[in-house]
Amino acid sequence: MEMSIASLSMDMAMANTQDALSIGMLKKSMESSEAAMDIITDMLGDMPSPDGRGLLLDVRA
């Protein structure tokens with residue numbers, strides 16, 4: 001009985017560690033994607049209009 005309690009405790013601790021690692025990796029991935037999207041949005045904001053008159057497209061409106 002005591003061995004099964006210890007085994008269950010270790011399994012739960014391992015699951016908690018794996019969950020924490022997965023959440024940490026997901027957070028890093030989301031931060032990386034957000035940074036990339038910010039760069040793309042800035043690039044779109046600096047794109048000149050196709051008519052060549054120097055007006056900028058407002059892609060965020």
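Does Glu31 count as buried, partly exposed or exposed, and what is its relative accessibility? In this predicted model, Glu31 has a relative accessibility of 42% and therefore counts as partly exposed, since that class lies between the buried limit of under 20% and the exposed limit of over 50%.

The setting of Glu31 is helical, for the residue lies in helix 1, which spans residues 2-45, and the secondary structure of the protein comes to 1 helix and 0 strands. Of the 61 residues in the protein, 3% are buried, while the accessible surface comes to about 5700 Å², with 65% of that area belonging to carbon and sulfur atoms.

Glu31 belongs to a patch of negative charge, where it gathers with Glu34, Asp38, Asp42 and Asp46. A nonpolar patch is formed by Met37, Ile40, Leu44 and Met47, which together have about 330 Å² of accessible area.

Leu44, one of the residues of the nonpolar patch, also lies in helix 1, and because its relative accessibility is 35%, it counts as partly exposed.

| Residue | Relative accessibility | Class |
|---|---|---|
| Glu31 | 42% | partly exposed |
| Leu44 | 35% | partly exposed |

Key
Residues numbered from 1 in each chain as written. Predicted model: local features only at pLDDT ≥ 70, side-chain atom pairs only at ≥ 80, totals over all residues. Heavy atoms only, no water. Patch = residues over 30% accessible without salt bridge, like charges linked within 9 Å, V, L, I, M, F, W, Y side chains within 5 Å. Areas by Shrake-Rupley, 256 points an atom, 1.4 Å probe, with all protein chains shown as cover. Salt bridge = Lys/Arg side-chain N within 4 Å of Asp/Glu carboxyl O. Lys, Arg positive; Asp, Glu negative; His and termini not counted. Charge placed at Lys NZ, Arg CZ, Asp CG, Glu CD. Helix = DSSP H or I, 4+ residues; strand = E, 2+ residues; numbered from the N terminus. Buried < 20%, exposed > 50% of the residue type's maximum accessible area, 1.4 Å probe, protein only.
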